[in-house]
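Subject: A structure for you to explore

Hello,

Here is the structure I promised to pass on. Have a look at it first, and then read on for what I found in it.

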Amino acid sequence: MTKVWRVVIVDSHPTSMLGTKLILEEREELRVTGMGSTWEEGLVLVAEQKPELVLLDYQMPEGTAETLLERIKHASPDSHVIILTDTDGIKLLHSIVNLGGSGILSKQASAAQLMLMIDGLREGLAMLPMDWLKNGIWQVQPAVIDGGLYHLTETEIFIMERIVQGITYDKIAMEISVSRRSIDNYLRKIYVKLGVSTRAQAIEKFALTMRQKSPVFN
């Protein structure tokens, strides 16, 4: 018997969410168990339900999906996350996959294409549009700090900015709604990306990079 996958939809447009819900629930093996119209609502649903699948709108009022995707994967590491976007998905591919995303799909995609992507995930496969292959997805470079070498996410940049400002780890954890231990995990990733081994080295290297990026950064 096919396992029923629980699905959480996170989208700031209620009409779009309802339409997606109706499409998904035409399949007996899919059940929408929650819909959130804000990042906070979506994160709470994922943390509580640990769904097999999350459909996440790339552009929401709070920002782009990278930051929330990272928090979703921390709250529910086994959940598949498909990003739905109006922008050119091929340019987002590297950063989304690096953060744990399972796929990117255009909002203009058909219901059949969405179902094919979900069916692929159930079989352990990732689905990519043919034109991405024709255009050479291997040539696309991941987003980086302007002119830098460090593939820091928006959350990692925020954490380093606060550390440079002298904010304590406990306060930073409260500001981004994660545990104190999560800050340590973020820092380990940051140290690797910056190629350093201590807090002082990280601050020095990050501050230098940001000064090069913005002369007003202090």
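Where is the place of Ser-76? Ser-76 sits in the loop between α3 and β6; helices (H or I, at least four residues) and strands (E, at least two) are DSSP runs, numbered from the N terminus.

Before going further, a word on the source: this is a predicted model, in which local features need pLDDT of at least 70 and side-chain atom pairs count only at pLDDT 80 or more, while totals for chains, interfaces and linings use all residues. Residues are numbered from 1 along each chain as its sequence is written, and side-chain values use heavy atoms, with hydrogens and water left out.

Ser-76 counts as buried because its relative accessibility is 3%; buried means under 20% relative accessible area, exposed over 50%, and partly exposed in between (1.4 Å probe, protein chains only). Leaving aside neighbours within four places in sequence, Ser-76 is in contact with Val-46, Lys-50 and Pro-51, where contact means heavy atoms within 4.5 Å.

Now the whole protein chain. Its secondary structure comes to ten helices and seven strands. Of its 218 residues, 47% are buried. If you take contacts between residues at least 6 apart in sequence, 63% of them join residues at least 24 apart.

Next, the sheet. Five strands form an open sheet in the order β2-β1-β3-β6-β7, with parallel pairing; two strands pair if DSSP finds at least two bridges between them. At the edges are β2 (30–36) and β7 (103–106), each of which pairs on one side only. On average, neighbouring strands of this sheet are turned by 25° against each other, direction ignored; axes are lines fitted to C-alpha atoms, for helices over the stretch in contact, and angles run from 0 to 180 degrees between N-to-C directions. Strand β1 (residues 5–10) pairs with β2 in the parallel sense over six bridges. Val-7 has Val-32 in β2 as its bridge partner.

Helix α3 (residues 65–75) touches β1, β3 (53–57) and β6 (80–85), and its direction makes about 160° with that of β3. Helix α5 (residues 111–122) touches β1, β2, β3, β6 and β7, and its direction makes about 170° with that of β7.

Is Ile-83 buried or exposed? This residue of strand β6 is buried, because its relative accessible area is 0%. Leaving aside neighbours within four places in sequence, its contacts include Leu-56, Ala-65 and Ile-104. The C-alpha atoms of Ile-83 and Leu-69, 14 residues apart along the chain, are separated by 9.0 Å.

Helix α1 (residues 14–24) has Met-17, Thr-20 and Leu-24 buried. They lie on the same side of α1 because they cover an arc of only 65° around the axis, the arc being that of the directions from the helix axis to the C-beta atoms. An α-helix has 3.6 residues a turn, so residues three or four places apart point the same way. The buried residues of α1 pack against β1, β2, β3 and α5. On the face turned away from the buried side are the exposed residues Pro-14, Thr-15 and Leu-22.

Finally, α9. Its buried residues include Ser-182, Tyr-186 and Ile-190. Just after α9, Gly-195 takes a positive phi of about 70°.

Enjoy exploring!

Best wishes
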